[in-house]
Amino acid sequence: MTKFEALGLNSALLNAITDLGFETPSEVQEKSIPILLEDEIDLVALAQTGTGKTAAFGFPLIQKIDSNSRTTQGLILSPTRELCLQITNEMQLYSKYVKGLNTVAIYGGASITEQARQIKRGAQIVVATPGRMKDMIGRGIIDISKIDYCILDEADEMLNMGFYEDIKDILSNTPKEKSTWLFSATMPREVAAIAKKFMHHPTEITVGAKNSGVDTVQHEYYLVGGRDRYSALKRLADANPGIFSVVFCRTKRDTQKVAEKLIEDGYNAGALHGDLSQNQRDLVMNAFRKKQIQMLVATDVAARGIDVDDITHVINYQLPDEIETYTHRSGRTGRAGKSGISMVIVTRSELRKIHAIEKKIKQKFIAKKIPTGIEICEIQLYHLANKIRTTEINEEVNNYLPAIHDVLDGLDRDELIQKIVSVEFTRFYNYYSKTKDLNSTEPDRRERNRGGSGDFSSNGSVRYFINVGERDGYDWMSLKDFLKDTLHLGKDDLFRVDVKDSFSFFNTEVTHKDQILETFTDFKVKGRFVNVEVSNSPEGGGRRRRDKGSKGKRDSRDRDRSRSKRREGNFSKGGSRRSGSKQGSSSGNRRSKKRDGFY
Ligand code: AMP
């Protein structure tokens with residue numbers, strides 16, 4: 001008797017197993033198959049992808065299904081279309097000797113009519129993603145009211161992707177008397193809650209050690225000043241050629257803004273948020289799937305449905321308010337057996353959040369440095385050299401080779417290599433060689449000169465100067481409203497709002513400082529720059545200051561601004577490698593902007 005026979009499997013399955021070349025059952029198969037075959041039970045199995053879990057539920061399911069009846073008897077829910085197709089394929093291989101057994105895949109992004117036709121022909125087993133399944137139930141195309149088995153595969157992933165409500169709806173269309181088998185790599189609170197709500201005294205099996213987070217993900221944080229957040233993001237992208245990432249922002253507005261800036265600077269970026277129409281979102285997602293978009297800037301809500309497996313990096317442009325949200329974000333990478341990196345750009349005041357997340361995910365963050373300009377140049381140079389080495393030769397160039405030899409005549413090998421790589425490298429070098437270190441290691445100079453607190457006030461709050469006032473139509477109430485809305489702060493977070501003629505002052509607690517300075521970097525209202533600075537005076541400007549001091553200060557601020565724009569803003573202009581970038585102002589996936597080799 002083979003080991004598979006000993007588990008109680010019938011000859012149709014055993015023959016298929018022989019064909020597949022499986023010799024011994026895996027741990028999860030050994031633990032689950034006998035108990036699932038023997039009894040009608042609910043099961044919670046903690047097992048990672050790649051442990052053979054598809055067969056662990058697939059073999060017993062196939063054996064228990066009545067293939068003479070055309071009724072749908074088994075439903076397998078899985079988080080993504082890729083997994084859905086993979087499971088369907090495996091089930092078809094396992095059941096190849098079971099006459100009349102049909103397994104049909106139901107997933108989004110493909111013709112619903114064709115799927116409906118397949119269901120109509122009779123499918124004893126349906127493998128589905130939750131969204132499409134719910135849709136088909138709603139349209140009366142599929143009947144799952146008589147199923148005996150419901151399998152929730154990669155339950156943690158499904159919940160991570162925001163499918164809780166869909167799953168709940170789908171399960172409410174199934175009979176009470178059925179067996180539910182839940183497979184999950186991890187057991188976060190939400191999965192435990194599902195098990196509790198929808199299952200009856202489930203038997204629990206664990207393969208390997210239980211873990212609460214996905215340890216294929218490395219967590220890194222980068223400490224920067226609030227104003228350098230965007231420059232830091234660009235450097236992280238440039239330092240990781242080949243990046244395929246989701247960049248998370250906290251608000252729809254920031255999401256749109258960051259995506260637009262990236263596009264303007266020549267990156268293949270796109271925005272995904274709730275203010276876009278379904279059609280726009282579909283376009284962005286399609287471009288992302290095809291890797292035409294390499295940096296998808298998204299809000300948490302909009303990112304829930306992303307079913308892309310090979311995301312290399314998740315970048316937390318801003319940290320979420322809820323720690324739980326961070327685990328959802330970082331879970332977008334390191335999937336399907338691949339490794340991934342979750343990067344967090346943080347300011348000093350947010351560091352405590354990193355510690356709170358570490359506790360939650362039971363993993364340590366690595367404190368990393370934003371690469372310097374020269375480091376990025378080096379990375380790009382090697383990337384370019386490697387690209388030259390691996391580029392397939394286009395035979396078409398042969399026709400021109402004699403002429404090209406003439407042009408390059410007299411150059412020796414070393415000189416030729418130097419020149420070839422310099423063609424691209426110099427553009428990078430010119431941009432990055434003069435940029436500053438973005439890493440925040442100590443309080444900035446102004447703060448240090450003032451005794452290190454950085455608060456500029458005696459009571460722990462920060463006083464700010466803003467270059468709008470009565471002349472711009474503000475009074476203290478309307479300015480407070482404007483700041484509240486722009487900064488997403490509560491009304492008590494802003495105080496001592498003093499509106500003067502052409503400028504104003506206001507206070508917040510120091511915790512909001514980085515966010516405020518960052519928001520008002522390159523911030524325009526009706527085409528005019530609205531600038532905020534920490535006020536040099538704790539009391540922030542009496543009348544005397546308004547006339548003389550403010551003008552002087554504003555002039556120097558304007559100078560600072562143009563300097564800072566020159567510093568980070570000229571990348572796409574004046575002959576840089578991204579000089580074509582301005583053309584694509586919204587889609588981010590124009591072919592003209594495809595940045596060969598430097599990504
Ligand atoms: P899964 O964890 O279900 O995604 O399975 C991972 C891979 O292992 C699939 O390609 C299966 O075909 C294969 N597999 C499943 N069970 C066994 C087994 N007992 N021996 C060898 N390969 C297996």
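**Reading the labels**

Analyst: The protein's secondary structure comes to 24 helices and 20 strands. Keep in mind that this is a predicted model. Of its 599 residues, 50% count as buried.

User: Why is Asn316 called buried?

Analyst: The cut-off for buried is under 20% relative accessible area. Asn316 has 0% relative accessibility, so it counts as buried. You'll find Asn316 in strand S12.

User: How far is Tyr267 from Lys234, in sequence and in space?

Analyst: Tyr267 and Lys234 are 33 residues apart in sequence, and their C-alpha atoms are 8.8 Å apart.

User: How do you know that S9 and S12 are paired?

Analyst: Pairing needs at least two bridges between the strands. Strand S9 (residues 245-248) and strand S12 (residues 313-316) are joined by four bridges, so they count as a pair, and they run parallel. One of the bridges links Phe248 with Asn316 of S12.

User: Which sheet do those strands belong to, and which strands are its edges?

Analyst: They're part of an open sheet of seven strands with parallel pairing, in the order S10-S11-S9-S12-S13-S8-S14. The edges are strand S10 (269-272) and strand S14 (366-368), because each pairs on one side only. On average, neighbouring strands here are turned by 25° against each other, direction ignored.

User: What lies across that sheet?

Analyst: Helix H13 (residues 278-289) lies across S9, S10 and strand S11 (295-298), at about 140° to S10. Helix H16 (residues 351-361) lies across strand S8 (217-223) and strand S13 (340-346), at about 170° to S8. Helix H15 (residues 323-330) has buried residues, among them Thr325 and Tyr326. The buried residues of H15 pack against S8, S9, helix H14 (300-303), S12, S13 and H16.

User: Why are S16 and S20 called edge strands?

Analyst: Strand S16 (495-499) and strand S20 (532-534) each have a single partner strand, so one side of each has no neighbour in the sheet. Their open sheet has four strands in the order S16-S17-S15-S20, and the pairing is antiparallel. The twist averages 25° from one strand to the next.

User: What makes S15 and S20 a pair, then?

Analyst: The threshold is at least two bridges. Strand S15 (residues 461-466) and S20 are joined by three, so they qualify, and they run antiparallel. In S20, Val532 is the bridge partner of Ile466. Across this sheet, helix H21 (residues 476-487) lies over S15, S16 and strand S17 (504-509), at about 120° to S16.

Key:
Residues numbered from 1 in each chain as written. Predicted model: local features only at pLDDT ≥ 70, side-chain atom pairs only at ≥ 80, totals over all residues. Heavy atoms only, no water. Helix = DSSP H or I, 4+ residues; strand = E, 2+ residues; numbered from the N terminus. Axes fitted to C-alpha atoms, helices over the stretch in contact; angles between N-to-C directions. Contact = heavy atoms within 4.5 Å. Buried < 20%, exposed > 50% of the residue type's maximum accessible area, 1.4 Å probe, protein only.
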